[in-house]
Amino acid sequence: MTTERLTLRPWRIDDAQAALDVYGQAEVTRWLSPDMDRVPDLAAMRLWLQQWIAECARLRAPAGRWAIQRNTDDQVIGGAILLPLPPGDEDLEIGWQLRPDVWGNGYATETAHAIAGWAFSQNVDEVFAVIRPGNGRAAATVRNNGMHWVGETTKYYGIELQVFRLRVADLDQAAPKALQPLNISGD
């Protein structure tokens, strides 16, 4: 998938250092669901990448995991997912993780929009984002993409999460902003 500024491509083992620059940061991993500890070193990151690559080989389109590469310098600045949500693998979760030094540039919004567009082009009717309470950045990103807050649940990973839904008609960038969830605080 390619946008104006980004390319979403499959992960490669040689992306390990760039991936560690994302997943080795506690300010990134603290928001992930399911829980994921900060990746401690390059060897551990390589193992994660091997797992993700193998997982992708088993997934049916449009599901997947991608490296987010900036087009201007071909630098990997993050990762993105479209994965079946537990427990029944019926709902698809859209997600992204970026290096903290690139936060605030609209890359998350651009990534989420690209993945949702890809999913909808593959006959998916809706996608979901599940966000930990207090993650104001992620909540703003999903609202920027027209996602609507549908409530809170422990259904997916056994932890309290805010759930946002996006349907094909909601993807239009001109659509009104979705309602904010209650008690949002962000960093």
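## Accessibility and the position of Q122

A residue is called partly exposed when its relative accessible area lies between the buried limit of under 20% and the exposed limit of over 50%. In this predicted model, Q122 has a relative accessibility of 32% and therefore counts as partly exposed. Q122 is placed in the loop that runs between helix α4 (107-121) and strand β5 (126-131). Although Q122 and P62 are 60 residues apart along the chain, their C-alpha atoms are separated by 6.3 Å.

## Aromatic pairs

A pair of aromatic rings is described by the distance of the centres and the angle of the planes. The structure holds four aromatic pairs, and one of them joins W48 and W52 in a tilted arrangement, with 5.9 Å from centre to centre and 50° between the planes. These two tryptophans belong to helix α3 (residues 42-58), and because they are four residues apart there, about one helical turn separates W48 from W52.

The two partners fall into separate accessibility classes: W48, with a relative accessible area of 32%, is partly exposed, whereas W52, at 4%, counts as buried. Ring pairs also link W48 and W52 with W11 and Y23, so that these four residues form a cluster.

Helix α1 (residues 16-23) is mostly covered, with six of its eight residues buried. The buried positions are A16, A18, A19, L20, V22 and Y23, and Y23 is also a member of the aromatic cluster. The packing partners of the buried α1 residues are α2 (26-29), α3, β3 (76-84) and β4 (92-98).

In soluble globular proteins, nonpolar side chains tend to be buried together. Here the largest nonpolar core has 31 residues, among which L82, I94, V127 and M147 touch the most other members. Two or more residues are given to this core by each of β1 (6-9), β2 (64-70), β3, β4, α4, β5, α5 (136-144) and β7 (161-167), and the largest share, seven residues, comes from α4.

The surroundings of V127 can be listed in more detail. When residues up to four places away in sequence are not counted, V127 touches L82, L92, I94, A116, A119, F120, M147, F164, R165 and L166. Among these contacts of V127 are L82, I94 and M147, which are named together with V127 as the residues touching the most other members of the largest core.

Technical notes: Residues are numbered from 1 along each chain as its sequence is written. This is a predicted model: local features need pLDDT of at least 70, side-chain atom pairs count only at pLDDT 80 or more; totals for chains, interfaces and linings use all residues. Side-chain values use heavy atoms; hydrogens and water are left out. Buried means under 20% relative accessible area, exposed over 50%, partly exposed in between (1.4 Å probe, protein chains only). Rings of Phe, Tyr and Trp (its six-membered ring) pair if their centres lie within 6.5 Å; planes under 30 degrees apart count as stacked, over 60 as edge-to-face and the rest as tilted. Contact means heavy atoms within 4.5 Å. A nonpolar core is a set of buried Ala, Val, Leu, Ile, Met, Phe, Trp, Tyr and Cys residues joined through side-chain atoms within 4.5 Å.
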